[in-house]
Structures are given as C-alpha cells and as structure tokens.
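My entries follow the structure.

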Amino acid sequence: MKKLFCMTSVLIAALTIGTPAMANETHADRAVTHGSQAASHASNSAAHAIAASGQAVSGAASVPFMASGVAGAVSAQVGEDLKDAASAPIGQPLPITDETITVGPTPDLAIQQTTTDQ
Amino acid sequence: MNLLRVFVLILLASFLAIPPVQAGSSQAEGEAYFDADTIIGFSKRVEKSLAANGARVAIISRVGRPRTQLPEGVRFTHTALAVYSKITTSDGRNVPGYAIYNLYQKSGRPDKSHLVKDYPVDFFAGVQVLEAGVIIPTPDLQRRLLDVVASDTYQNLHNPDYSVIANPYTLKLQNCTEHVLDILFSAIYKTDDIQQIKANQKAYFKAQPVHVNPIKLALGSLFVKDVATSDHPGSPETTTFTTIGNFLEKFGLAAKVYVISESV
C-alpha cells in the first residue's frame, strides 16, 4: 500500500507541476477529448453558422488553374473573363471572386440538422 | 482501498488532461467562436492577400485552440495547401478563388484521417483566434507543388493513421502538417518515393520538439486515440507551420512568410 501511495504522490506531483506550456490546458484538453461531441452539436457548428448566414455559395468542384497536364484543359474550358486567371504568371496579382464559396457541413452534421429542422 | 480509488481517479483525471499539442485537424473544428460575418470577412481577407501576391499555391495555417493553451513552440493547430482554382458553383458558374487541400481527422475516429478539399470560409469556420499563417513558396516551387497536387502522388503520400504529434521522420503515423511537408519534399525532389522523402527530411528538415510532461504524454498515448508516442524512439518531435516556414526560408524556397491577424 505504501508503494501505491508513493506512486499516487508522484502522479499528483507530475500533474500539478507540469511544464509552463501546459499550465493552462484544461479547457483545450477537454476540447480535444470531447472534440467529436462538440462536432455533433449541429446547431452550434461553425459550418452551419456559415451556411445559415445565407452569404455563402456552394462550390460543386474545383480544378487548379495552372498545373502542367491540367492547365491546358482548364484554359480551354474557361471563358474570356477567366483567361487571366488561367494564364497570368506566378507572382502577378490574380482575380478572385467576391462571393464566399463553401462546401457546407459534413454529411453527419447535415443529416442531424435536417432532423432538427423537422 | 481508498488509496486505490484515489489512484484510479488520478489516472482518469490525468487522461482527461492530455495536452492538445497540435490540437487536431478537425473539419470546421466543431463549434463557432465568431459570428458568420466575421469569419466570412476574415476568410476573404486571407484569400485576397494570397491573390494580391499572385500565389498559385500557398501554405496556410489556422488557430483552432486558444493560443495560451498550446505547447511551447506550437503557434498554429492546422496546416493545409491553398490552391488557386477554377471553382464551379452549384448553379454552374465558374469563378476564380482558392480551394484548400486538407488532411482532416475523421469524425468519430480521431486516430484516422482523410483528405478533404474545402474553401477558405470552411477552413477558418471554427477558429478560436482570427489569425492565419501564410507561406508563399517561390514560383519554381509553386509550379512543382501544383504538379504534385494534380497527380496521384498527392493521394499516395497520405497515411490515414493519425497522431497529433506524428513523427515526421517515420512512416508509421501522419498528421495534417506532416502531409504538407511530404508534399513539399515530393515537389522539391520530384519524387514520389516516400523512403527518399523521409531520408531527405531527416537530412534537411528540423522538427519541433514537443515540450510536454512525459508522464502526461505516456498516459495520453494510452487513453487518447489521436495521441501516439509509438512512432517516437526518443523525445517526441513533430512538424509545425513554423518549422516548415523555417525550412523553406533556410533553403531560399519561400517568397514570403507572414501572419494575417484580426488587427493587421
């Protein structure tokens, strides 16, 4: 039993003293441990907040503009307004859309939200 | 018997107190800490900054946990590639913007990961600090990175076995930042040979030592699924946004390394 008491004391010391970097980790530890639980609260999720704002447009697909092997194919498909985006040299300022593009919530969150809405 | 109970309770308490280290790479990081307008505004600011610098591909990082709760030397919690892309919207229009190439932990399986492409607003949706780390590689490296991203090598360099403190010098486990590092080395050396990539990382890349109480870390590896020490033969060390930035700057492969924050 004495050995057990010693072991407990060592653990208490280790957990109490810790390192400076760990001094305030309680909340984050909880967040890590309960990460998947937090993610399951669809109504609170970050992804849903964005989707619910009505300011985001869903992105259905994306292809890099300038990778050898796909650049030609992408350039051929883009309209006149995207020609610069496809062909501008690296380092030259690029046009980007003012719209906010999103993939929306993950399927497991989306299904929960649908259920909540009913 | 009472002492035994105390011992068990302490063990449980300590397993709940495992440090976040990198604090994981969850998609949207769960709950929202800022309102939608703030996240949308900040995400667009980051996107515009990348575009103003003419970045076809960049390395970006976010802070998914309060900064004060991260271990010494760890400033960001998730790192990914931002790739300038033709984005097709759900209503069929083509628009220019950045797609983010992520390695995320699987929901409900934090010790496993998958590759997910999303957009800046998704990337920053769950941040706890409005701050983005940005590395813009040199044009030559950007061209090579684009070739890797557009090839099967991007997928082939993914290891689905996840640890928040994955050792970059071994093949057993991988986290988001290590996947980015592997892509970088693949691009630099024009190879998809993972043994060659790891050998070059060992020779030229300096990882971040993980300053965490060894007892906590040992207990964490026993009880927390996404914390593993089995790939660390000695003191644990891992890949971070900062160490990637240091590496690229040291070898003249970074055009710009900077931070975008709420106030700047």
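I looked up burial in chain B first: of its 264 residues, 55% count as buried (20 or more other C-beta atoms within 10 Å of a residue's own, with C-beta atoms placed from the backbone). I note that this is a predicted model, in which local features need pLDDT of at least 70, side-chain atom pairs count only at pLDDT 80 or more, and totals for chains, interfaces and linings use all residues. Residues are numbered from 1 along each chain as its sequence is written, while chains are lettered from A and ligands numbered from 1 in the order in which they are written.

I then listed the secondary structure of chain B, which comes to nine helices and eight strands (DSSP runs, H or I of at least four residues and E of at least two, numbered from the N terminus).

I turned to the pair H6(B) and H7(B), the latter being residues 194-204; their axes come within 10 Å and cross at roughly 100° (lines fitted to C-alpha atoms over the stretch in contact, angles from 0 to 180 degrees between N-to-C directions). The two helices are therefore roughly perpendicular (65 to 115 degrees).

Methods
Buried ≥ 20, exposed ≤ 12 C-beta atoms within 10 Å, placed from the backbone. Parallel < 35°, antiparallel > 145°, perpendicular 65-115°, else oblique.
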